[in-house]
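Subject: Structure for you to look at

Hello,

Here is the structure I said I would pass on. Please open it first, then read the notes below it.

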Amino acid sequence: MDTLKSLSEGLAEAVRKGAASTVLVEARESYGASGYAYRADRVLTSNHVVEREGPITVRMPDGDAVEAALAGRDPASDLAVLRLQRPAASPGEQAQLEPQVGQLVLALARPTEEGIQATLGVVSIVGGRYQVWPGSFVEQVMRTDAAAFPGFAGGPLVDPDWRFVGLNTFGLRFGSSLVISAPRALAIAEQLDRQGNLPRGYLGIRSQESELPRGISLGRKQETGLMVIGVEKGSPAEQGGLLVGDIVVAVAQSPCAEARELVQALADKAGQTVTLEVVRGAHPVRLEVKPGQLAPRRP
Amino acid sequence: MNLAQAFAEELQRLVSLVRPGLVQVRRVRGSGFGGAGLIWRPSGLVVTNAHVAGRGPLEVALSDGRRFAAKSLAASREMDLALLELPARDLPAVRAAGGKPRVGELVFALGYPLGDPEALSTGIVSGLLRYGENGRTRELIRTDALLLPGNSGGPLLNASGEVVGINTLAAFGGQGWAVPAWAVELFVAAYGSADRAPAAESA
């Protein structure tokens, strides 16, 4: 029985080691949730389990209760960063290799003080994108078939070498757990820690994908753009002179052939003046606009 | 694919070692899937879930085809355990694991889900949790191995083929629960000796 035994021992050992950086997050009334310590004083968790801005308690595996403050949250990716009052956590290590479809993973969780919990599965999808609401996407999303029990949100997904592969966020969606990959989750965490949220730029238009009029050459291979079919009153688009019927073909030099490219191009442009490349009638024109900041919304 | 093949072969061997100790428990009257049970002592003591045993007469089928009418020695609804006695000796008992399982270790569930022939499912120990009811708590093993009605009373086995728990219920979201082997051992020790076998509790 060497295969079964060594696999079994390996998994139990991975749980034991990964458990050191899996913490209990007490930030809602109903039930505890999990968190992943990526630094001695920083914990990544799921945004939706943080129902209050304070007081938040984070419990270490040994029961040590540490007060924490919400450093930042991003409803779109469902991530939140907690700042511990003192460096009490034992941080985990990030997996060096890219996750692969089919690799074994353990979902770790600590929703109660009774100890670590774990489920086993494989990585089902890597590098997917997830539409949170129309026009808003989370990139580098993974899925796993490891079961997500109550309180598993916010816990880490680790590989059999107990390295951090991603963060479990929304729990069960369409039968499989949604995971934000480790590099993406840690990059978002740094931003949340620095500025509290992830501002998303917006113009205030409704648009639909449209073919460009004949005879228009943009000097590149692009056959479609976004025809403006509505401009919000007082919006950055109106202030910048955008009109219904205009076809937006690029924002700050990145081509926009479809809606998601516009959303992506605007994502980090809030408050900056950017040039829109627009086809108006039969002529390309350039407009200066200053995208506004879309307030973070709760899903 | 050597690893996958070794996994399957070892698992089949493990199941074949445990199979003689696995029994099927059926109610003589009424319907339902029945469930599984385990030969806990060679002297004829069989453990199953209280919710499988119910109150009426029971028939127990061994894997070698023998069938016995079982006598109920004790039952605890709180622990969801029932102790049965078969009129036979030198039965092939299962081996119970000593100590508590580790979270993350592989487990295999055997039973008769939905009345099917013996079925196997795999997972890991997901947690050791206290489960409270009426002010009393008991510790249960949570697993992500697939458990269905009819798995009740069957074993949760570790990678050595030892019983770490008796599968007792399946809940939403794919979580299964098992009564730990050490709790079963205490129950059998309390009610299983011939000189102090009380009548079945009617609780």
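Chain B and chain A bury about 2200 Å² between them, and 61% of this lies on carbon and sulfur atoms. Buried area here is the accessible area (1.4 Å probe) that two parts lose on being put together, summed over both. Of the area that chain B buries against chain A, 23% comes from B:Glu10, B:Arg102 and B:Val103, more than from any other three residues.

This is a predicted model, in which local features need pLDDT of at least 70 and side-chain atom pairs count only at pLDDT 80 or more, while totals for chains, interfaces and linings use all residues. Residues are numbered from 1 along each chain as its sequence is written, chains are lettered from A and ligands numbered from 1 in the order in which they are written, and side-chain values use heavy atoms, with hydrogens and water left out.

The interface brings 30 residues of chain B into contact (heavy atoms within 4.5 Å) with 25 residues of chain A. It holds 2 salt bridges (a side-chain nitrogen of Lys or Arg within 4 Å of a carboxyl oxygen of Asp or Glu). A:Glu114 and B:Arg130 form a salt bridge through their side chains, at 3.8 Å from N to O.

Two helices also meet there. Helices (H or I, at least four residues) and strands (E, at least two) are DSSP runs, numbered from the N terminus. Helix 1 of chain A (residues 2–19) packs against helix 1 of chain B (residues 2–18) at about 105 degrees, with the axes 8 Å apart. Axes are lines fitted to C-alpha atoms, for helices over the stretch in contact, and angles run from 0 to 180 degrees between N-to-C directions. The two helices are therefore roughly perpendicular (65 to 115 degrees).

Chain B also has a barrel: 6 strands close in the order 1-2-3-6-5-4, with antiparallel pairing. Two strands pair if DSSP finds at least two bridges between them. The twist from one strand to the next averages 40 degrees.

Strand 1 (residues 22–27) and strand 4 (residues 58–61) are antiparallel over 4 bridges, and B:Arg26 stands opposite B:Glu59 of strand 4. On strand 5, B:Glu59 has B:Ala69 as its bridge partner. Strands 4 and 5 of chain B form a hairpin with 5 residues between them, and B:Gly65 in the turn has a positive phi of about 100 degrees. Strand 5 (residues 67–76) is joined to strand 6 (residues 81–85) by 5 bridges, and B:Ser76 stands opposite B:Leu81 of strand 6.

Regards

Notes:
Parallel < 35°, antiparallel > 145°, perpendicular 65-115°, else oblique.
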